[in-house]
Amino acid sequence: MTLYDLVAPAIEARSEPRYRIAGIRAADPLGADAILAAVPAMNRDADVPALTVALRTLVPDPDRTASLGVVDALAAVRDLGLLLGSLKRHGVEPLAAVPDALPVLEELGRRTDMVPRDTVHHYTTWNPLGDRQRMYTGDKMEGHLQNAVRMVFPALVAALDTCSELAGLAPYDPRFAAALDRTAQHVQAMVDSIDFTVAQVTPDFFARGLRPYFEEVDVAGHDYLGPAAAQVPLWLVDLTLWQSDRSSPEYDAFLDESVRYSLPSWRAFQAAHRGSTSAVSKLSAAISWESTPRLPPGLAASAVSLARVLRILKTFRARHIGMARKAYSDDLRLYDEGSGGAPIALLRTVLDLTRDNETLVRQANVGAHAPRTTPGAAAAGPVPVPVPVPVPTVSASAAGPALREKRFTA
Ligand code: HEM
């Protein structure tokens, strides 16, 4: 247990077996502890025969596979996954080397209702701590990066609840700001995580030492990405705050690809909320309906709280892109794309979208408090009364930038 586990929102008590973190960490359904402890040495020596034997040894028979419950099945995917990534790092397509692993991974994917290989959650949150920790390299920086992702899992699960509540509220409702404030507390974990990463992991180690283990693996003709930190479900927060109707084609395409690596309940959340009216659009529409110089207190509080969460997201992304740029610089990089399948340009796009939404919310609130006339404007005649804009039923991107600007500058 890490310090963060003690202070993070408790999620273990829920009925979802994928949140039984202690149980999954403790599970060793394939009896893999001893073999996996030797993996860093095998990787250091590029010992492909040993890695191949290790994978073959761990693959359970069909009866055993079929008997595993969700907790054990997640632990089994985690343990097979370490060998998939290791073999691929040394240029071997793992399921070509050990074909018996294919039906097992497919069955475990069905049993866990997840992709048929390991994800970032298997590699970090569901990975044991201490002597039993599964690692590719055994380097302490790899452990720090695993901890950086572990830090955010409970907080993002908790943010899912607050975002879910937010989605059903109007911005005049005092609970709208309260749900945003709780979301802000949870999302702050992302900033803490990236600060920790920057302090503990060098771009050189990530680029040269670790990134090669995160390559995609061919499972029955489909390439499945490795356990990338990009699979951390920050997009669930974006979705409710702004992404559902104020996104870009690049970010949408990235999410369409990333969502499959997430938990079933998160995929259901995405399906339920995609295309809905985001918090930013709801708030901006409400502000544009107001004709008094001062916003009602509830609406003003919602604007302040929404801007605050967006600022935290922006801070994470600004610091994260700094790290990513170094790790993918011309000098260091071995790959053009991140392990999540996207280039650095995608990070720029998402940062810009986050910043634009934060700026617009902040200015909408400030604009609503500003005097309605200025000396120059008075001379030029009365200020036009803002035209109310209803809550949009089409996406902001489809509606075009003019409509977007109009809502915020009214
Ligand atoms: C050495 C450290 C890191 C590097 C070099 C790095 C690099 C990248 C890159 C290149 C992407 C683009 C998508 C892709 O992976 O293909 C990405 C996306 C992402 N990464 Fe990282 N990352 C690092 C650490 C982290 C950590 C510690 C977290 C969170 C705990 C994180 C969370 C994310 C998220 C949420 C995305 C999706 C884009 C977004 O929401 O802005 N990354 N990362």
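Why does Val-366 count as exposed? Val-366 counts as exposed because it has 11 C-beta neighbours inside 10 Å. The cut-offs are these: a residue is buried with 20 or more other C-beta atoms within 10 Å of its own, exposed with 12 or fewer, and partly exposed in between, the C-beta atoms being placed from the backbone. Val-366 sits in helix α20, and its C-alpha atom is 9.5 Å from that of Ala-303, 63 residues away along the chain.

Some ground rules. This is a predicted model, in which local features need pLDDT of at least 70 and side-chain atom pairs count only at pLDDT 80 or more, while totals for chains, interfaces and linings use all residues. Residues are numbered from 1 along each chain as its sequence is written.

Now the overall picture. The protein has 23 helices and 2 strands; these are DSSP runs, helices being H or I with at least four residues and strands E with at least two, numbered from the N terminus. Of its 410 residues, 46% count as buried. Among contacts with a separation of 6 or more, 83% join residues 24 or more positions apart. Two residues are in contact if their C-beta atoms, placed from the backbone, lie within 7 Å.

Next, the core. The largest nonpolar core has 109 residues, and Leu-55, Leu-156 and Leu-306 have the most contacts inside it. Helix α19, residues 297-327, gives the most to this core, with 12 residues. At least three residues come from each of domain 1 (3-138) and domain 2 (150-409), with bounds from an automatic or database domain assignment. A nonpolar core here is a set of buried Ala, Val, Leu, Ile, Met, Phe, Trp, Tyr and Cys residues joined through C-beta atoms within 7 Å. Leaving out residues up to four places away in sequence, Leu-55 touches Leu-80, Leu-83, Leu-87, Pro-94, Val-98 and Ala-101.

On to the ligand. It is surrounded by 29 residues, the closest being Ala-229, Ala-230, Ala-327, Gly-338 and Gly-340. A residue is included if its C-beta atom, placed from the backbone, lies within 6 Å of the molecule. At least two residues each come from α11 (140-150), α13 (174-200), α19 and α20 (344-369). By type, the shell divides into 20 nonpolar, 7 polar and 2 charged residues. Here Ala, Val, Leu, Ile, Met, Phe, Trp, Tyr, Cys and Pro count as nonpolar, Asp, Glu, Lys and Arg as charged, and the others, Gly among them, as polar.

Finally, some loops. Glu-12 lies between α1 (3-7) and α2 (21-26), and counts as exposed because it has 12 C-beta neighbours inside 10 Å. Glu-12 and Pro-154 are 142 residues apart in sequence, yet 9.1 Å apart C-alpha to C-alpha.

Two residues other than glycine have positive phi. Asp-113, with phi near 55°, is in the loop between α9 (101-112) and α10 (120-123). Ala-220, with phi of about 55°, is in the loop between β1 (217-219) and β2 (222-224).
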